[in-house]
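Please keep the sequence and the structure in view while reading.

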Amino acid sequence: DSARNGFSFKGIKDYLECYRSGKLTPSQVAKNIIAMLEDCDKSTPPLRAIVQWDQEQIMLMAEASTTRYRNKCTLSCLDGIPVCLKEEFKVVPYHHRVGTVYLGTQPETEDATVAKKLRQAGAIIIGVSNMHELGTGTTGCNPNRYHKIPRNPYNPNHFTGGSSSGSAAAVAAGLCPVAIGTDGGGSVRIPASFCGVVGLKGTFGRISCHGSLPLSYSTVSVGPICTSVADAAIVYSILAEPDLLYPYGLKQPKATLSDMCAPDLKGLKLGVDWTFFKACDAEVLSACEKAVKHLQSLGASVVEVSLPEVEEARVAHVVCILSEMRDFLQPDFNKHFHEMNLETRASLALASQFTALDYIKANRQRTRSMRFLQEIFSTVNCILTPAVPCTAPRIYESDLLTGSSDMSFTVRAMRFMQLGNFTGIPGLVVPIGYSTAGLPISLQVMAKWWDEAVLLRIGLKLEQFRDQTKKPSIYYDILA
């Protein structure tokens with residue numbers, strides 16, 4: 001932990017200090033959150049980060065946690081910590097709507113594995129967060145009646161990014177220090193970047209997806225969105241382990257945080273493909289290049305690498321994720337077509353043009369891309385890229401009514417994200433600065449399969465690069 005001048009987000013440590021010193025109890029914190037959630041809904045424009053919450057449920061979890069602190073028998077360092085989960089997860093007793101108006105007509109009676117684990121750790125689930133309808137986009141724009149458009153806490157006239165839009169907005173706005181999202185094409189990392197917080201996409205299979213809607217079974221990973229790298233590490237260490245109900249992650253090696261707190265980065269080799277790296281806005285490039293120099297100053301060496309067939313991998317990822325979503329959503333497409341947002345219809349209609357041959361070829365490309373990465377990771381510890389080539393786009397009046405469909409933006413936003421989803425390697429995005437308009441800019445670190453520990457080690461050092469943290473224009477200080 002490094003003491004900061006000026007504004008800093010409240011993280012897990014701040015909550016624990018309040019609870020352990022007796023300054024506040026989880027019950028008092030829960031009351032503050034309920035007041036803030038009511039305020040969010042009334043504000044102009046409404047924040048729309050948390051779309052379903054229940055005062056009674058929040059207070060029950062908080063009171064149980066307060067009792068545990070009183071009796072000095074807390075369950076974990078997440079005990080009493082407010083968290084939210086993307087609406088893609090089943091969370092009792094909320095509706096599992098997944099951003100739609102037609103799914104989840106009845107309240108859920110069974111938790112997703114991650115929700116169960118968070119409860120077992122003593123966390124206070126403050127509700128489920130907004131998301132792009134069926135996770136099909138990168139803006140977070142969802143005009144339907146249950147959701148509406150979540151606002152970027154740094155500038156409410158801009159998008160949060162998607163599809164884990166509400167999760168990132170909730171963390172950046174101070175409603176909770178921890179949120180859980182899913183990432184099939186940057187859906188944790190894009191909103192975390194746009195909202196100026198930390199986002200971790202675990203290795204494919206590392207954190208159980210059981211109990212989330214299986215939209216794309218070969219590209220989606222689960223991960224935390226937090227105010228700091230240390231908090232992401234805590235949540236990761238609690239959620240990352242095999243789950244018998246989720247076969248993809250059964251053979252994983254044990255999750256560790258080895259060397260995470262090493263004093264420097266000596267001996268680490270950071271791979272950069274400069275041609276790939278530079279395909280972003282000038283402001284983003286300038287900040288990211290300086291951040292790379294900062295990592296070098298801590299003893300890491302930068303090694304030029306060449307990422308082969310990036311364009312082929314990009315197209316193949318789109319073929320895979322859209323084909324799998326289209327396959328899973330075939331009944332919905334036939335039965336609920338007119339209840340879907342226009343953008344979702346367009347994406348699924350596009351997906352129906354892919355053939356079995358396209359899907360097979362795309363998976364052959366996956367094998368090639370994974371082999372290339374194996375070779376690259378035998379020479380470097382990680383690959384660095386900007387997180388997103390641009391800052392959060394603005395919201396137009398028409399978006400509020402009909403939604404937004406901008407394929408060129410979607411393609412651009414996913415540029416540095418797709419490799420991680422396509423090949424299953426883990427990725428971490430860390431805020432490193434702001435544009436002249438005051439919007440957050442982030443750098444991404446990717447590592448070989450199961451090596452989240454090196455991401456977190458580098459991430460901790462990256463956080464020190466940002467000389468100040470700007471306070472979001474929408475921010476609730478729950479501990480005040």
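## Salt bridges and a buried strand

Lys10 and Asp477 form a salt bridge between their side chains (3.4 Å, N to O). This pair connects distant parts of the chain, 467 residues apart: Lys10 lies in the segment before α1 (12-21) and Asp477 in the segment after α17 (452-463). A salt bridge here is a side-chain nitrogen of Lys or Arg within 4 Å of a carboxyl oxygen of Asp or Glu, and by this rule the count comes to 14.

The model is predicted: local features need pLDDT of at least 70 and side-chain atom pairs count only at pLDDT 80 or more, while totals for chains, interfaces and linings use all residues. Residues are numbered from 1 along each chain as its sequence is written, and side-chain values use heavy atoms, with hydrogens and water left out.

| Pair | N to O distance |
|---|---|
| Lys10 and Asp477 | 3.4 Å |
| Lys86 and Glu88 | 3.3 Å |
| Asp111 and Arg119 | 2.5 Å |

Buried means under 20% relative accessible area, exposed over 50%, and partly exposed in between (1.4 Å probe, protein chains only). Lys86 and Glu88 are both buried. Asp111 is buried at 11%, whereas Arg119 is partly exposed at 27%.

Helices (H or I, at least four residues) and strands (E, at least two) are DSSP runs, numbered from the N terminus. Five of the five residues of strand β2 (residues 82-86) are buried, so this strand is largely enclosed by the rest of the structure. Strands pair if DSSP finds at least two bridges between them. Four bridges join β2 to the parallel strand β3 (residues 124-129), where Ile124 is the bridge partner of Pro82. Three bridges join β2 to strand β4 (residues 178-183), also parallel, and Cys84 stands opposite Ala179 there.
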